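The tour makes two stops, and each begins with a selection.

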Amino acid sequence: MQRYFFYLLLSMCSLTAFAQTGPEANGIVRQLLFIDSDGDGVDDTIDDCYKTPPNTKVDERGCPLLVKDLKTIRININFDVDSSVVKPTYFAEVAKVARFLKNNPLTRATIEGHTDSDGSEAHNRGLSQRRAQAIAQLLVVKYNIDVVRLTAIGFGESKPLVPNNSIRNKARNRRSVAVIRSLKERRL
């Protein structure tokens, strides 16, 4: 009778539980209890991802089967000479990144900062880092994106978009780029 109430209690708590018959030892059959609180088919005692969403395919540890589908969106935000201030004209580009990140919670963004070739390499590396951090800070402060999902990297003048041989080209190289890679679950 007590066992009945125990199983009834487990069912009422929305747990998936059932007994399995274990090996017979000295003529006694043992009952092994299988508890699967998130319904993914993996016993809670070995489930590493215990809050798996319903209908998610999981591996033997209870974690979602994920296939790396890389999706990359690139945006360009240009800066004035020797400046890391994001102009309001580029806020829509930042909002585009924020929207994508909010709609895709398994994504992370790398914000790249770049400069033209004017100035020393050390100065340009620091300036490009400040540019990348300015974009990341906007995403955190204005759009509430979790800081752990963002990485800011300054490349200085090492990755020009176009040759630094004209004023127009140098302006194009003073930029930040958001590279977003998402890890999306593909149903198997």
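**Stop one: the disulfide**

Select C49 and C63: a disulfide joins them, with an S to S distance of 2.0 Å. The model is a predicted one.

Now show strand 2 (28-36) and strand 3 (76-78). Both C49 and C63 lie in the loop between these two strands, so the pair ties together parts that are 14 residues apart in sequence.

Which of them is buried, and which is partly exposed? C63 has 7% relative accessibility and counts as buried, a class that requires a value under 20%. C49, at 23%, counts as partly exposed.

**Stop two: helix 2 against helix 3**

Select residues 91-103, which form helix 2, and residues 121-143, which form helix 3. Their axes are 10 Å apart and the helices pack at an angle of about 65 degrees. That angle makes helix 2 roughly perpendicular to helix 3. The crossing of helix 2 past helix 3 is right-handed.

Show side chains at the contact. On helix 2, pick F91, V94, A95, V97, A98 and K102; on helix 3, pick I135, L138, L139, K142 and Y143. Colour these residues by type: nine are nonpolar, two are charged and none is polar.

Terms used. Residues are numbered from 1 along each chain as its sequence is written. This is a predicted model: local features need pLDDT of at least 70, side-chain atom pairs count only at pLDDT 80 or more; totals for chains, interfaces and linings use all residues. Side-chain values use heavy atoms; hydrogens and water are left out. A disulfide is a pair of cysteine sulfur atoms within 2.5 Å. Helices (H or I, at least four residues) and strands (E, at least two) are DSSP runs, numbered from the N terminus. Buried means under 20% relative accessible area, exposed over 50%, partly exposed in between (1.4 Å probe, protein chains only). Axes are lines fitted to C-alpha atoms, for helices over the stretch in contact, and angles run from 0 to 180 degrees between N-to-C directions. Angles under 35 degrees count as roughly parallel, over 145 as roughly antiparallel, 65 to 115 as roughly perpendicular and the rest as oblique. A crossing is left-handed if the near helix is turned anticlockwise from the far one by less than a right angle, and right-handed if clockwise. Contact means heavy atoms within 4.5 Å. Ala, Val, Leu, Ile, Met, Phe, Trp, Tyr, Cys and Pro count as nonpolar, Asp, Glu, Lys and Arg as charged, and the others, Gly among them, as polar.
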